[in-house]
Amino acid sequence: MTSGPKYSDTRCGKEIDDSRASSVCKGCTFDGLPAIFSFNIIILLSPYYASNCIMKVIALAVSCLLALSAVSAETCFNDVSMDCGQASNSLGLPSCNAIYGHFSRQGNVANEMQAYANLHMRRSYEYLLSAAYYNNYQTNRLGFSKLFQKLSDETWDKTIELIKHITKRGGSMDFARRSVQETVTRNSTIELQELESLAHALDTQKEIAERAFYIHQEATRNNHKTHDAEIAQYLEEEFIEDHADTIRNLAGHTSDLKQFIVQNDGNDLSIALYLFDEYLQKTV
Amino acid sequence: MKIPSLVLFLAICSAAYATQCNVNPVNVPKQWITMSRGCRDSVRRQIQMEVSASIQYLAMGAHFSKDSINRPGFANLFFEASKEERQHAMKLIEYLLMRGELTNNLTSLIAVRAPERKTWSSGQEALEDALKMETEVTKAIRTVIVNCENDRSAGPGQDDNDYHLVDYLTGEFLEEQYKGQRDLAGKASTLKKMMDRHSALGEFIFDKKLLGIDI
Ligand SMILES: [Fe+2]
């Protein structure tokens with residue numbers, strides 16, 4: 001214990017070549033509590049140590065205390081303390097990540113978030129095709145096109161936001177992931193008439209909104225296995241609020257079109273669709 | 001089975017005929033629609049390629065956003081590239097619309113598939129991969145140009161040489177491709193030099209530079 005082997009680890013700090021420091025450290029690690037006290041005294045009495053060295057030895061000592069007092073081994077700090085103490089060329093530090101709570105560990109909140117990003121991406125490109133369809137020379141409804149373009153842009157931006165948020169929480173993005181809620185793949189037809197296309201968009205927005213409810217429910221449900229307050233509030237703030245507006249707007253549009261169709265024996269229809277498209281051009 | 005087939009029947013009918021909810025489709029002269037089939041189909045394939053590139057760039061952004069990778073500058077670069085690719089697809093769609101196309105077969109225009117690649121060993125590798133991808137896109141645009149410049153299968157009244165589209169692709173798309181490739185190649189070179197002896201620090205500093213932070 002007195003020979004003081006040269007301590008070297010380039011990642012954790014400067015080289016320590018001090019017999020007392022390293023022997024104390026070893027004492028702490030292998031011989032137990034008493035050595036920590038003697039080590040603390042050494043620090044108090046010896047301002048002579050280089051600060052870097054002291055910092056490291058303190059860290060080691062504290063980690064020893066933590067290891068003795070707490071059973072939980074899965075902390076980043078423990079990883080650092082253990083791995084830096086070994087003169088090897090690799091640092092594992094498996095617990096030094098952004099994962100906390102149950103995200104990516106238990107339940108399917110992380111998986112559902114990946115699937116939610118994928119859902120946004122697919123719907124975004126479908127909306128883009130609808131926007132294109134309403135901008136061809138035959139349909140020529142620029143207002144409808146604008147409406148679908150806006151839906152496409154919004155869902156596209158949300159795709160990127162979701163991917164960023166998944167990685168913020170220590171997860172990674174899986175582009176093949178599907179939700180457990182997704183039982184049958186809807187075959188989406190793009191070439192739809194005006195009212196049909198609004199109906200389709202309304203259904204799609206409800207699908208997106210209800211999926212948010214589902215993930216939210218997983219993140220808040222009572223068994224605490226998947227509770228994740230951060231995901232719940234993120235969904236509320238960034239998704240759920242906006243969904244109500246979008247759905248209400250689309251539902252309102254279908255109500256208006258319904259009126260135009262049934263009244264005056266349907267004679268208003270062609271002018272009504274034209275005017276409604278003009279209205280959309282000005283308001284979307 | 002009755003109800004779904006009825007819905008399908010109605011859906012098919014409504015696409016072609018008027019119902020109480022929509023107006024009769026009309027016909028206006030079509031002689032002005034002169035894109036040949038071969039040219040149109042190559043542009044359609046190019047749109048799919050731009051969409052696939054946008055998704056591949058999303059995967060790159062996702063990779064560099066991870067906590068274990070932690071390169072927000074690279075992530076930003078690739079997320080922006082992803083948006084640009086989507087805009088390229090939109091520009092080509094807009095072009096086809098201007099030429100009287102995309103009145104049908106919309107559904108098969110774009111397929112959203114998971115990206116081929118998901119991880120990169122370094123920022124350097126990702127930049128070089130992006131450069132490779134852009135080179136392939138450039139090659140594909142040249143193929144579209146060739147197909148539209150000399151379409152022997154063009155029917156009567158169709159353009160066997162689509163001057164305007166060829167000009168548009170050459171002037172706008174190829175120009176952007178070459179500029180983008182030069183930018184990526186420059187970044188890859190600078191990063192490679194910085195990585196020469198100080199790989200970890202080099203990539204860290206380059207990443208912050210991409211974020212616009214001087215350190
Ligand atoms: Fe592109």
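Mentor: The crossing of H4(B) and H5(B) is left-handed, that is, the near helix is turned anticlockwise from the far one by less than a right angle, clockwise being right-handed. This is a predicted model in which local features need pLDDT of at least 70 and side-chain atom pairs pLDDT 80 or more, whereas totals for chains, interfaces and linings use all residues. Residues are numbered from 1 along each chain as its sequence is written, chains are lettered from A and ligands numbered from 1 in the order written, and side-chain values use heavy atoms, without hydrogens and water.

The axes of H4(B) and H5(B), the latter covering residues 163–195, come within 9 Å and cross at roughly 165°. Because of this angle, H4(B) is roughly antiparallel to H5(B). Helices here are DSSP runs (H or I, at least four residues), numbered from the N terminus; axes are lines fitted to C-alpha atoms over the stretch in contact, with angles of 0 to 180 degrees between N-to-C directions, and over 145 degrees counts as roughly antiparallel.

Cys148(B) and Cys39(B) form a disulfide with their sulfur atoms 2.1 Å apart, the term meaning a pair of cysteine sulfur atoms within 2.5 Å. Cys148(B) belongs to H4(B), residues 123–149, and Cys39(B) to H2(B), so the bond ties together parts that are 109 residues apart in sequence. The torsion about this S-S bond is about 95°, and the disulfide is therefore right-handed. Cys39(B) is buried, with a relative accessible area of 0%, and Cys148(B) is likewise buried at 0% (buried is under 20%, exposed over 50%, partly exposed in between, with a 1.4 Å probe and protein chains only).

The iron ion is coordinated at 2.1 to 2.2 Å by the OE atoms of Glu50(B) and Glu85(B) and by ND1 of His88(B); donors are N, O and S atoms within 2.8 Å of the metal (3.2 Å for Na, K and Ca), and sites may look incomplete because water is not among the atoms. Along the sequence, the donor residues follow the spacing E-x34-E-x2-H. Glu50(B) in H2(B), residues 37–65, and Glu85(B) in H3(B), residues 72–98, link distant parts of the chain, 35 residues apart. Glu50(B) counts as buried at 0% relative accessibility, and Glu85(B) as buried at 3%.

Two disulfides are found over all chains. In chain A, Cys76(A) and Cys96(A) are joined, with their sulfur atoms 1.9 Å apart. Cys76(A) lies in H4(A), residues 76–84, and Cys96(A) in the loop between H4(A) and H5(A), residues 109–133; the two cysteines are 20 residues apart. The torsion about their S-S bond is about 95°, so this disulfide is right-handed. Cys76(A) is partly exposed, with a relative accessible area of 30%, and Cys96(A) counts as partly exposed at 31%.

Key. Parallel < 35°, antiparallel > 145°, perpendicular 65-115°, else oblique.
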